[in-house]
Amino acid sequence: MLKGVLNGFKTGWVGMSLTFKHLFASNKQRIVSSIKSDNYFKQHADGTNTIQYPKQQLPVPEVGRYQLDVEIDDCIVCDLCAKVCPVDCIDIEAIKATEAIGQTSDGTTKRLYAAKFDIDMAKCMYCGLCTVVCPTECIVMTNQYDKSVPEINLLTYQFSDMPAELAEEKRKLFDAAQAEKAAAKLAALKKKEEGE
Amino acid sequence: MQPKANYHLNFYITYIIIAVGLFAFSALFALFGVYAERKVSAFIQDRLGPTEVGKFGTLQTFADILKMLQKELIVPAAADKLLFSLAPVIIFVSVYLGFAALPWAPGIAPTNLNIGLFYVFAIISIETLGILMAGWGSNNKYSLLGAMRSVSQIISYEIPAGFAIISVVMIAQTLDLQAIATQQGILTSETIKFFGFYDVTHIGGLLSWNIFRAPHLIVAFVIYFIASLAEANRAPFDIPEAESELVAGFHTEYTGLRFAFVFLAEYSMMFLVSMIGVILFLGAWNTPLPNIGSVYLANWTTNVAWGIFWVALKSLLLVGVQMWIRWTLPRFRIDQLMNLCWKVLTPLAFVCMLISGVWRLLLM
C-alpha cells in the first residue's frame with residue numbers, strides 16, 4: 001500500500017519533471033528541411049515541431065504522386081487512362097475528326113477531339129496507373145498537393161480547352177461525313193445490285 | 001431625509017461596482033486563462049500554440065469570444081427548454097458568487113462574512129445542480145453521462161476537500177476568510193508558531209503560513225489541491241468532459257453565449273479553488289518574505305497593493321500548476337477516481353482532522 005503510494009508519487013514526479021523540461025525548452029520555430037538533410041532528426045530534438053503551413057512547407061520530391069495534370073495538346077484521346085482508372089475518376093468524351101488534326105510533340109497523329117476531359121480529384125486515389133498507360137505521356141502527376149477549394153465541384157479539373165460550339169460543329173461535321181459515307185455506301189451497293 | 005437617501009444610493013452603487021468589478025475580473029481571467037492554457041499546452045508538447053492573431057497570438061481569445069458572441073443559440077428540439085437555458089447561468093453565477101467572500105488584501109474583501117468559508121463551499125456546490133440541469137435538459141446521452149459523472153465526482157471529492165479544510169479551520173478557529181488570512185502574517189494578534197515550536201509572530205513571511213503551522217497541514221493542502229482539481233473538473237479528473245469518450249460531456253449541446261458562460265465558469269472555478277487554497281494554506285495576501293534581523297522585508301511588503309499582488313501571484317501559480325498537471329497526467333478511470341477519493345484521500349483527510357484537534361489541544 002505504502003509502496004504503491006510512493007511509486008505513484010515517484011512516477012508522477014518523473015512525468016511532471018519531463019513536461020516541465022519541455023515547457024521551458026527552446027521554442028524556436030522549426031526550420032523546414034528535407035528528410036535527406038543530415039540534421040533532420042537532430043533539429044526535432046530541440047525547438048518546436050510545428051510546420052507553419054502554408055508559410056512553411058515540407059519539401060516534396062518533384063516526381064511525387066500528388067495531383068494529376070494533363071497536357072491536352074499532347075493527348076490523342078485514346079481513353080486508356082479512363083479505362084484503367086480503378087475509381088473511374090476520369091471522364092472523357094471523344095469526337096472523331098474527319099481527318100488527321102495534327103501531331104503531338106512526340107509525333108503521334110491525332111485523330112480525335114477531346115470535347116471533355118474531366119478528372120475528379122476528390123475521387124482520385126493517386127495510384128498513378130493512368131500515367132503508366134498513357135501512350136503519349138501527356139497525363140502526369142505533379143508535386144502539387146494542396147487542393148483546398150471552397151466548393152466540392154472545383155475539385156473536378158477540366159482539361160479540355162475545346163469550346164462547346166466548336167465541339168458541336170465538329171460533331172455535326174462528323175455526322176455529315178458519316179452520312180456522306182453511308183450514302184456513298186448505299187449508292188455503291190445499289191450500283192452493284194444493278195450491275196448483277 | 002436627504003443624507004439617508006444618499007447613504008442608500010452610495011450603498012447600492014458600491015455593491016454594483018463591486019459586482020461588475022468581480023465579473024470583469026473573472027471574464028478577463030478566463031480570456032487570459034484560455035490563452036495561457038493553450039500556450040502552456042503547446043510548449044509542453046513542443047508546439048507553438050496560437051501565433052496568428054496579434055503579437056504571439058495574444059488576441060486569439062478575444063477573437064474566439066467575438067466569434068462565440070455571434071453564434072446562434074441553438075436549443076435542441078427534444079431539450080427541456082427551461083432547464084437547458086437556465087443551466088449555464090446557474091453554473092456561472094454559483095462560481096461567480098463564490099468570489100464575493102474572498103479577501104484580496106488586508107481590509108479588502110467584497111463582503112466580510114464571519115462564515116465566509118462555509119458560504120463559499122455552499123455556493124460552489126450549487127454548480128453541481130447547474131451541471132445536472134445542463135446534462136438532463138440537453139436530452140442527450142453524452143450530456144447526461146457527463147453530468148452524472150460530474151455530479152458523482154464533485155459530491156465525492158467535497159468530502160476530502162471539506163475535511164482538509166476543517167483541519168485548517170480547527171487550527172485557525174474561525175470560518176472568516178479575512179481572519180484566517182490575517183493569522184498567517186505579521187498583522188496577526190495571535191502567537192504563530194512555525195511547526196508548533198518556533199515563534200514567528202514578528203518574523204512572518206513564508207514561515208507563518210498555515211502549511212508551516214503544523215506539518216500535517218502540508219498533507220491537508222495536497223489533499224485539498226487534488227480534490228479541488230476534481231471539483232473544477234480539471235484533468236486528470238476530467239471524466240465529465242472526457243473529449244475522447246463523451247464529445248464534450250455535459251456541455252455538448254451548448255452553443256454561442258451559453259457555451260461561453262460554461263467555459264467562463266470553468267476558468268473562474270480554476271481561479272476560485274486556487275485562491276481558496278492560497279487563502280487557507282499559502283498565506284493568503286501575506287508576503288512570502290520574512291523579516292530577517294533588521295531587514296523588515298515582511299513589514300515592507302505587507303499592505304493593500306502588495307496584498308493584491310501576492311494573492312494574485314500565488315493563485316496564478318497554483319492555476320499554472322493545474323495546467324501543468326493537466327498536460328502531464330492521463331485521465332483517471334471512474335473506478336480509479338472513486339478509489340482514490342474514498343480509500344485514500346478521505347481517510348487521510350480524517351487523520352489530518354484528528355491531528356488538528358490534538359494539535360490544537362496540546363500544542364497551541
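**Exercise 1. Determine how helix 4 and helix 5 of chain B are oriented to each other.**

Solution. The axes of helix 4 (residues 116-138) and helix 5 of chain B come within 8 Å of each other and cross at roughly 170°, where axes are lines fitted to C-alpha atoms, for helices over the stretch in contact, and angles between N-to-C directions run from 0 to 180 degrees. Helices here are DSSP runs of H or I with at least four residues, strands are runs of E with at least two, and both are numbered from the N terminus. Angles under 35 degrees count as roughly parallel, over 145 as roughly antiparallel, 65 to 115 as roughly perpendicular and the rest as oblique. Helix 4 and helix 5 of chain B are therefore roughly antiparallel. By class, their contact holds 14 nonpolar, eight polar and one charged residues; Ala, Val, Leu, Ile, Met, Phe, Trp, Tyr, Cys and Pro count as nonpolar, Asp, Glu, Lys and Arg as charged, and the others, Gly among them, as polar.

Before going on, note the conventions: this is a predicted model, in which local features need pLDDT of at least 70 and side-chain atom pairs count only at pLDDT 80 or more, whereas totals for chains, interfaces and linings use all residues. Residues are numbered from 1 along each chain as its sequence is written, while chains are lettered from A and ligands numbered from 1 in the order in which they are written.

**Exercise 2. Describe how helix 5 packs on helix 12 of chain B, and then how helix 9 packs on helix 11 of chain B.**

Solution. Step one takes helix 5 and helix 12 of chain B, whose axes are 7 Å apart at an angle of about 15°; the two helices are therefore roughly parallel. Their crossing is left-handed, a term used if the near helix is turned anticlockwise from the far one by less than a right angle, with right-handed used if clockwise. The contact of helix 5 with helix 12 of chain B divides into 19 nonpolar, six polar and two charged residues.

Step two takes helix 9 and helix 11 of chain B, which pack at about 120° with their axes 8 Å apart. That angle makes helix 9 of chain B oblique to helix 11 of chain B, and the crossing is right-handed. On the helix 9 side M270(B), F271(B), S274(B), M275(B), G277(B) and V278(B) meet V311(B), K314(B), S315(B), L318(B), V319(B) and Q322(B) of helix 11, a contact being two C-beta atoms, placed from the backbone, within 7 Å. By class, this contact has seven nonpolar, four polar and one charged residues.

**Exercise 3. Locate S143(B) and state how far its C-alpha atom is from that of G249(B).**

Solution. S143(B) is in helix 5 of chain B and is buried, with 27 other C-beta atoms within 10 Å. S143(B) and G249(B) are 106 residues apart in sequence, yet their C-alpha atoms are 4.9 Å apart.

**Exercise 4. Which backbone feature does the peptide bond from Y53(A) to P54(A) show, and what is the phi of V77(A)?**

Solution. Most residues other than glycine have a negative phi, and most peptide bonds are trans. The bond from Y53(A) to P54(A) is cis, with omega near 0°. V77(A) has a positive phi near 55° and is buried, with 23 other C-beta atoms within 10 Å.

Technical notes:
A residue is buried if 20 or more other C-beta atoms lie within 10 Å of its own, exposed if 12 or fewer, and partly exposed in between; C-beta atoms are placed from the backbone.
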